[in-house]
There are 2 protein chains.
Amino acid sequence: MKWIRASLADPDAKPLAAPAEVFYARLDDERVLPVRGTPFDGFEQTGERLRLDDIRFEVPVIPPTFYCVGLNYTRHIATEGLRIPDKPDVGYRANNALIAHGQDVVMPPDATSVHYEGELVVVIGKRARNLSAAEARSCIFGYTIGNDVSERNWQKSDRTFWRAKNSDTFKPMGPWIETDADVEQMETVVSLNGRESTRFHTNDMLFGIDTFISTMSRYLTLYPGDILWMGTDGHSPDLADGDVVEVALTGLGVLRNRFTGPGGARRLGG
Amino acid sequence: MKWIRASLADPDAKPLAAPAEVFYARLDDERVLPVRGTPFDGFEQTGERLRLDDIRFEVPVIPPTFYCVGLNYTRHIATEGLRIPDKPDVGYRANNALIAHGQDVVMPPDATSVHYEGELVVVIGKRARNLSAAEARSCIFGYTIGNDVSERNWQKSDRTFWRAKNSDTFKPMGPWIETDADVEQMETVVSLNGRESTRFHTNDMLFGIDTFISTMSRYLTLYPGDILWMGTDGHSPDLADGDVVEVALTGLGVLRNRFTGPGGARRLGG
């Protein structure tokens, strides 16, 4: 099942069709079925039906806590010149940086080496503590796609990732949450301006979803709506004003975002 | 003005007195004046009055993003053997770890070197972007107190601060938000089991509030309810089961929390 969070493309067009300014809806083929409430706290159907053209995608969930795995694929760790971690230490990203499918990544004026990182996103559905690896998936609501946009110079020069990875618009996520994905059979394919640029088996992780959830839940409580970004493989070129990045994960759809200036790479002849 | 977030101590006692299970209230001397809504999104008085004995303190705000300055006082940096930062790179903490004034810090079984860190907390009240240092305080709603509880062995062994600083219950905050504090005249005094243990001038920071807010807001939007913990000075002993830590900041009250096992330091004769 696909869950979207949406607003009306034209707020004046069908004011009665949406239960709130920003609302959850089930996506059934091309039909958008708005609900009152949320899939995390309980919901009821409104009986309304909208078309995809009627709505604007919103970030599919605003997490209470935004977890992100930093280094979880060997090729990416090697190309970035980093050390392979010996245990699953999770990190954090910040809600200010979240944008939805279709919204623009804005590269600040002094951002010169901005990279994409296509990632699987795990969405927590149930409060969980002290789960074994075998029990770990019982707390998962579904999956979506993230682009962990990163400015490599700031990543090296700063003591934390605050602007390298958490500048406004640096965390595209969506387009929707899929509850029935098969992570074992999944591929991540990133395309730049319509041409394939990075491809990897999504589950070729150093530490898998079960290991992370079970390790984390020994020390902390996971809450409904928490998200866990699983890291990326491969290497991105420096992105420039006007570049369009699409991150496709098998069964999860395509997350598409345009990268815009004032910053970004200088292109030859540009 | 003091703002508390509270629930009823006895939920059955006065069900009509509280506008919701967890509610905001103004604190006027010992009188608790519940409101509908929040001081961030708008509120109205309910006309009810409660006594402090009627309520239980809740975490004064659940932030959209939880910012925390890591190293901001020279003595603390020296005693912990760390390097003095050359610019204000902000970090993050996690909402799962927040607890209120009066709640217990629970030290996990393998936590052996748990320290307190008494901190000033800045609470953002207005959406802000691109503020100059001179404008920075215009977005501040008020101030409260934080205890950035830290397990020093995990802080050294892990790649991130996920369990060292964000294990459940490791982030006491409160008791209330004070809108009229004078940061320049403020002292931070930490007491352990009733005896003063650490004292410093709160504003003796490497990088001050204005510098942090103006630097951050060049790259990110601050939102109402965001919090910024300003770092700590001094050094804590290893805490043990039963220890009570009080963090007092001039004009902001006292944040008191008991530290409990199963983990913690082994005391001689204990």
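Modeller: A strand here is a DSSP run of E with at least two residues, and strands are numbered from the N terminus. Pro175(B) lies in one of them, strand β15 of chain B. Keep in mind that this is a predicted model.

Colleague: Fine. What kind of peptide bond joins Gly174(B) and Pro175(B)?

Modeller: A cis one: omega for that bond is about 0°. Most peptide bonds are trans. Chain B also has a cis bond between Gly261(B) and Pro262(B), with omega about 15°. Pro262(B) lies in the segment after β20 (253-260) of chain B.

Colleague: Now the backbone angles. What makes Asn130(A) stand out?

Modeller: Its phi is positive, about 55°, and yet Asn130(A) is not a glycine. Most residues other than glycine have a negative phi. As for where to look, Asn130(A) lies in the loop between β12 (118-124) and β13 (140-147) of chain A. In chain B you can look at Asn193(B), also not a glycine, with a positive phi of about 50°. Asn193(B) is in the loop between β16 (187-192) and β17 (195-201) of chain B.

Colleague: How do you know whether Asn130(A) is buried or exposed?

Modeller: Count the C-beta atoms. Asn130(A) has 10 others within 10 Å, and the cut-off for exposed is 12 or fewer, so Asn130(A) is exposed.

Colleague: And which class does Asn193(B) get?

Modeller: Asn193(B) has 13 C-beta neighbours inside 10 Å.

Colleague: Then why is Thr160(B) called buried?

Modeller: Thr160(B) has 20 C-beta neighbours inside 10 Å. Buried asks for 20 or more, so Thr160(B) counts as buried. Thr160(B) is found in a loop, the one between α2 (152-157) and β15 (171-178) of chain B.

Colleague: What does Thr160(B) touch?

Modeller: Apart from neighbours within four places in sequence, Thr160(B) is in contact with Asp89(A), Val90(A) and Gly91(A). Those residues belong to the other chain.

Colleague: How many residues are in contact between the two chains?

Modeller: 23 residues of chain B are in contact with 23 of chain A. On the chain B side they split into 10 nonpolar, 8 polar and 5 charged.

Colleague: How do you know what kind of axis relates the copies?

Modeller: By superposing them. A rotation of 180°, with 0.0 Å of shift along its axis, puts chain B on chain A at an RMSD of 0.0 Å. The two copies are therefore related as by a two-fold rotation axis. The same surface serves both copies, with 100% of the contact residues of chain B recurring in chain A.

Colleague: Let's take chain A alone. Why is it called as compact as a globular protein of its length?

Modeller: Chain A has 3 helices and 20 strands. Its radius of gyration is 18 Å, and the globule rule gives 18 Å for 270 residues; the values are close, so chain A is as compact as a globular protein of that length. Its C-alpha trace spans about 55 × 50 × 30 Å along the principal axes. Of the 270 residues, 47% count as buried.

Colleague: What share of the contacts in chain A comes from residues 24 or more positions apart?

Modeller: 73%, out of the contacts with a separation of 6 or more.

Colleague: Which domains does chain A have?

Modeller: The domain assignment gives domain 1 (2-57) and domain 2 (66-260). Their centres, over C-alpha atoms, are 26 Å apart. Domain 1 puts 7 residues into the contact and domain 2 puts in 13. On the domain 1 side, strand β1 (residues 2-8) gives the most, with 3 residues. That side divides into 6 nonpolar, no polar and 1 charged.

Colleague: One more, about the open sheet of 5 strands in chain A. What makes β10 and β17 edge strands?

Modeller: The order is β10-β20-β19-β16-β17, with mixed pairing. β10 (105-106) and β17 (195-201) each have a single partner strand, so one side of each is left without a neighbour in the sheet. Elsewhere in that order, β16 (residues 187-192) and β19 (residues 244-249) pair in the antiparallel sense over 5 bridges. Pairing needs at least two bridges, so 5 qualifies. To find one bridge on screen, go from Ser191(A) to its partner in β19(A), Glu246(A).

Terms used
Residues are numbered from 1 along each chain as its sequence is written. Chains are lettered from A and ligands numbered from 1 in the order in which they are written. This is a predicted model: local features need pLDDT of at least 70, side-chain atom pairs count only at pLDDT 80 or more; totals for chains, interfaces and linings use all residues. Helices (H or I, at least four residues) and strands (E, at least two) are DSSP runs, numbered from the N terminus. Copies are superposed by least squares on the C-alpha atoms of residues with pLDDT of at least 70 in both. Ala, Val, Leu, Ile, Met, Phe, Trp, Tyr, Cys and Pro count as nonpolar, Asp, Glu, Lys and Arg as charged, and the others, Gly among them, as polar. The radius of gyration is taken over C-alpha atoms; the globule rule is 2.2 Å times the number of residues to the power 0.38. Domain bounds come from an automatic or database domain assignment.
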